[in-house]
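Let's take a walk through a protein fold together, one piece at a time.

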Amino acid sequence: MSQTRTASATYTTTDVENVVRRVKADLTMIADSTGAWTAQQAADYAHDIEVLAKAGYLAWVDLTLLQYGIEKKAVRFNVDTDAGGLTTSRPGGVLWPRLAGATLRIIISYTEAYTDEARRATSGKLKIGWTTSYDDTSHSSLSSSGGRNYVSSNYGMQRKDWAA
């Protein structure tokens, strides 16, 4: 007689909070160093990231520094719900330049679980009026420049970095 076993990755809302706190630290450093966002704007984006992540609706977050519409730097935080094998890193390495004409673009991608019903349920909890974006986030004009992992239990976000 054979037995089969299944295992599923487990994490708590506290694990999500721990990971998002590191992402928020990166967003705050980027906002401060570029001068393109206020600390409050970075906090508002981090708030929405946490709300969506806790509900299982967040797939990734992409943040790009643009100068007059040209990509200069970018990071992407990919959600990993089975990240127990990764080692966590400290936030940082994102002291981006302060450039004339600079803007920050943030794009989030949702999981398939983010249905119309889920949108209605979370709409009152979000601080940002998110809209659909068709921008290219492949960062093909930039070169990969490392990254970091933010992990708590089995929940994590893998950060990939790009630079000009």
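In α2, the buried residues are Ala42, Asp44, Tyr45, Ala46, Asp48, Ile49, Val51, Leu52 and Ala53. "Buried" here means under 20% relative accessible area, with exposed being over 50% and partly exposed in between, using a 1.4 Å probe and protein chains only. Helices (H or I, at least four residues) and strands (E, at least two) are DSSP runs, numbered from the N terminus.

Before going further, a word on what you're looking at: this is a predicted model, where local features need pLDDT of at least 70, side-chain atom pairs count only at pLDDT 80 or more, and totals for chains, interfaces and linings use all residues. Residues are numbered from 1 along each chain as its sequence is written, and side-chain values use heavy atoms, with hydrogens and water left out.

Back to the helix. The buried residues of α2 pack against α1, β1, β3 and β5, where contact means heavy atoms within 4.5 Å. How far should α2 span? The 16 residues of α2, at 1.5 Å a residue, should span 22 Å, and its end C-alpha atoms are 22 Å apart, so the two agree. (The expected span is 1.5 Å times one less than the number of residues in the helix.) Just after α2 comes Gly56, with a positive phi of about 80°.

Now look at α1, which runs over 13–34. Its 22 residues should span 32 Å at 1.5 Å a residue, and the end C-alpha atoms are 31 Å apart, which agrees. Among the buried residues of α1 are Val16, Val19, Val20, Val23, Leu27 and Ile30. If you're wondering about that spacing, an α-helix has 3.6 residues a turn, so residues three or four places apart point the same way. The buried residues of α1 pack against α2, β1, β2, β3, β4 (143–152) and β5. After α1 you'll find Gly35, whose phi is positive, near 75°.

**Into the core**

Which residues touch the most other members of the largest nonpolar core? They are Leu27, Trp37, Ile49, Leu58, Leu63, Phe77 and Met157, out of 34 residues in that core. Each of α1 (13–34), α2 (39–54), β1 (58–67), β2 (70–80), β3 (102–110) and β5 (155–163) supplies at least two residues. A nonpolar core is a set of buried Ala, Val, Leu, Ile, Met, Phe, Trp, Tyr and Cys residues joined through side-chain atoms within 4.5 Å. In soluble globular proteins, nonpolar side chains tend to be buried together.

Click on Leu27 to see part of this: leaving aside neighbours within four places in sequence, Leu27 is in contact with Trp37, Ala42, Tyr45, Ala46, Ile49, Leu63 and Phe77.

Next, go to Glu71 in strand β2. Is Glu71 buried or exposed? Its relative accessibility is 13%, so Glu71 counts as buried.

His139 itself sits in the loop between α3 and β4. With 2% relative accessibility, His139 counts as buried. Its backbone is worth a look too: His139 has a positive phi of about 55° although it is not a glycine. Most residues other than glycine have a negative phi.

**One more loop**

Ser153 also has a positive phi, near 60°, and is a residue other than glycine. You'll find Ser153 in the loop between β4 and β5. Because its relative accessibility is 42%, Ser153 counts as partly exposed. The Ser153 side chain reaches the backbone oxygen of Thr10 at 3.4 Å. Not counting residues up to four places away in sequence, Ser153 touches Thr10, Tyr11, Asp15, Ala83 and Gly84. Asp136 is another story: Ser153 and Asp136 are 17 residues apart in sequence and 32 Å apart in space, C-alpha to C-alpha.

Definitions and conventions
Polar contact = N/O pair within 3.5 Å; in protein donor to acceptor, adjacent residues only side chain to side chain.
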